[in-house]
Amino acid sequence: MPRLVAQDIAGALRKRISSGEWADLGRMPPERDLASEFGVARNTIRRAVGLLEEEGTVSRQTGR
């Protein structure tokens, strides 16, 4: 998968959330797994999740 910017990743994550892909778990996969999947550094995933948090789509809890 080509490198994506945080906004593109946020869009992809938003679609997966709205489709209910992670509804059973109530959680997204760990940053490490998402970074590997998208082929980016973990800080890019953090930025993408931060964008989702700013719009109220997700809430982060450190260490969970």
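Helix α1 (residues 6–18) and helix α2 (residues 31–38) pack against each other at an angle of about 115°, their axes lying 12 Å apart; axes are lines fitted to C-alpha atoms over the stretch in contact, and angles run from 0 to 180 degrees between N-to-C directions. The two helices, α1 and α2, are therefore roughly perpendicular, a term that covers angles of 65 to 115 degrees. Their crossing is right-handed, meaning that the near helix is turned clockwise from the far one by less than a right angle. On the α1 side, the contact (heavy atoms within 4.5 Å) is made by Ile9, Ala12, Leu13 and Arg16, and on the α2 side by Leu34, Glu37 and Phe38. By class, five of these contact residues are nonpolar, none is polar and two are charged; Ala, Leu, Ile and Phe are among those counted as nonpolar, and Glu and Arg among those counted as charged.

This is a predicted model, in which local features need pLDDT of at least 70 and side-chain atom pairs count only at pLDDT 80 or more, while totals for chains, interfaces and linings use all residues. Residues are numbered from 1 along each chain as its sequence is written, and side-chain values use heavy atoms, with hydrogens and water left out.

The chain as a whole has three helices and zero strands, these being DSSP runs (H or I, at least four residues, for helices; E, at least two, for strands). Along the sequence the pattern is α-α-α. Of the 64 residues in the chain, 28% are buried, that is, under 20% relative accessible area with a 1.4 Å probe.

Note on methods: Angles under 35 degrees count as roughly parallel, over 145 as roughly antiparallel, 65 to 115 as roughly perpendicular and the rest as oblique. Buried means under 20% relative accessible area, exposed over 50%, partly exposed in between (1.4 Å probe, protein chains only).
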